Amino acid sequence: MTDLWNRQTPSRMPSHRYADVFARVDVPNADRAWPSARLTAAPLWVPVDLRDGNQALSEPMDPERKRRFFELMVRMGYKEIEVGYPSASRTDFDFVRLIAETDIAPDDVTIVVFTPARRDLIERTVASIRGITNPVVIHMYTATAPTWREAVLGHDRASLAELILAGARDVLDLAGDLPNVRFQFSPEVFTLTEPDYALEICDAVTDLWQAAPDRPVILNLPATVEIATPNVYADQIEFMHRNLARRDSVILSVHPHNDRGTGIACAELAVLAGAQRIEGCIFGNGERTGNVDIATLALNLHAQGIDPMIDFSDIDEIRRTVEHCTRIAVHPRHPYVGDLVHTAFSGTHQDAIRKGFAEHRSRAAELDRPPSEIAWRVPYLPVDPADLGRTYDAVIRVNSQSGKGGIAYVLEAEFGLELPRRAQVDFARHVQRRTDDTGEEVTAADLWRMFRAAYIDRDDARVQLERLDVVGSGARVAVRIDGAAIRREYDEIGPVEALAAALREGGIDLDVKGLHQASVREGDSSEALTMLEYRTEGESRWAAGLDRSVLTASTAAVLAAARSIVERGRGNA
């Protein structure tokens, strides 16, 4: 066995430069208890998408996106939400004031605001929360690790402790009289801070703030930069859990990042080690490689039979909202939420899934109970897709097509066309109908003709576009539906949105969910293809438009969708 490993060739990377990481953060812990602990309940969840995740965006959220994201989190059931960094930007300050001046935050939702330990910034933060009647947490932070305190802040251990306590006194002076306000402290870069110093600082802060069981202080211990294996973080958390003063008056919180790709493991082991609260982002957005992914953490609990206490039962709507607000697409292989996570391309996997579904339905019939009430034991699917608002049809159809010519591969190889995964599933249904009827092999040319027939070639004269002009920041539209003319001018929306709005006013139930741009090679030419995902009568459907102009292709896709709706309504499709 030794010879086997010796055959590996050393890399040219200078790994020795990082060899002292364990020496810097090691916590002597011969009596660790966390390895034998078990997860039995959900921790307190605190999404930081509106602060930490927002700071990590190349285009920070505008007020509309920030409000939409906040309302999503309220609907999902979060009871504590970090809403921003009021002293850092006017947008964040104004959003906190919006909460103070409106009723968008239910009474039982705690509002968290973030501030450095600096009096002028604390004053600005306290000013932002004036008038909020919800419970409020003022979250103060200071970096405590040696490199940060010495190279960045210019302090030694003693002087940094004085700075932190001065900030804590300022928080108490400015907000200590507010009965709905509690306090939180984060020793930033906790993972690289000497354990004895982190303990000393945290105890000094909870003593100053007079933490008590009826007004606990939150101590948040972030893995601001992941630098060691998750078991080391667990040891650090367990050390604090066992040695903190006023432990019954402290809510122990963690905030793992994902620099090593092990943020999920760090969070789960931290809870085993005594943490009660987790800060993260819904799908793991955040600086560098991101914050810990709350969706994965919560659904890991769900898959273990533990109620996550957050509602992910419409995960696709959650994904669409997050993608809209962050302008970041969720990866198709993202755990639980990605488009491909319930899809098997391997024939053996497909066979096992089909047999698992059959056995599941059989057990339900034997017990005379709905399948949704039967213990889930389908191979390769750790959770029932229906729990997340997805259908079995999507899983089965995608899988059943992968052995019949590789529809998506042929379209890409022959025409350069890359369909969105959900469009692939929809198109597979059309192909399945054809192959079931004929039993014949489908060629690339056949696929392209079927694609055009299914999504593009809609010539119903009952829906006609007469005019579509861009006017300033809006658009002017003239359409004719069943002979009736509709002429409208819209402000602050683009021409495609304006056309869809005019069609809705004309009685066509068209709710556009997304536009996906691609290109198609036909012979020597290349054209723009717009795939339009829309919802009508409670059902998701697709249409497409093709033209050298992206705008014209998008317009054609909207018209194709409208004509399809009209045709279906008349029983012609």
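Reader: What is the handedness of the crossing of H4 and H13?
Author: In this predicted model, H4 and H13 cross in a left-handed manner.

Reader: Which residues make the contact?
Author: From H4, Glu-64, Arg-65, Arg-68, Phe-69, Leu-72 and Met-76 take part, and from H13, Ile-318, Thr-321, Val-322, His-324, Cys-325 and Thr-326. Sorted by class, the contact has six nonpolar, three polar and three charged residues.

Reader: At what angle do H4 and H13 pack?
Author: Helix H4 (residues 63–76) and helix H13 (residues 315–326) pack at about 155°, and their axes are 9 Å apart. The two helices are therefore roughly antiparallel to each other.

Reader: Changing topic, how many aromatic pairs are found in the whole structure?
Author: The search finds 10 aromatic pairs. One of them is edge-to-face: the ring centres of Phe-427 and Phe-451 are 5.5 Å apart, with the planes at 85°.

Reader: Where do Phe-427 and Phe-451 lie in the chain?
Author: Phe-427 belongs to helix H17 (residues 421–438) and Phe-451 to helix H18 (residues 444–456); this pair links distant parts of the chain, 24 residues apart.

Reader: Is Phe-427 buried or exposed?
Author: Phe-427 counts as buried, because its relative accessibility is 1%. Phe-451 also counts as buried, at 0%.

Reader: How is the aromatic pair of Trp-448 and Phe-451 arranged, stacked or edge-to-face?
Author: That pair is stacked, with 5.5 Å centre to centre and 10° between the planes. Trp-448 and Phe-451 both lie in helix H18, three residues apart, which is about one turn of the helix.

Reader: And which residues form the aromatic cluster?
Author: Phe-415, Phe-427, Trp-448, Phe-451 and Tyr-455 form one cluster.

Conventions:
Residues numbered from 1 in each chain as written. Predicted model: local features only at pLDDT ≥ 70, side-chain atom pairs only at ≥ 80, totals over all residues. Heavy atoms only, no water. Axes fitted to C-alpha atoms, helices over the stretch in contact; angles between N-to-C directions. Helix = DSSP H or I, 4+ residues; strand = E, 2+ residues; numbered from the N terminus. Parallel < 35°, antiparallel > 145°, perpendicular 65-115°, else oblique. Left-handed = near helix turned anticlockwise from the far one by under 90°. Contact = heavy atoms within 4.5 Å. Nonpolar A, V, L, I, M, F, W, Y, C, P; charged D, E, K, R; others polar. Phe/Tyr/Trp six-rings, centres within 6.5 Å; stacked < 30°, edge-to-face > 60°. Buried < 20%, exposed > 50% of the residue type's maximum accessible area, 1.4 Å probe, protein only.
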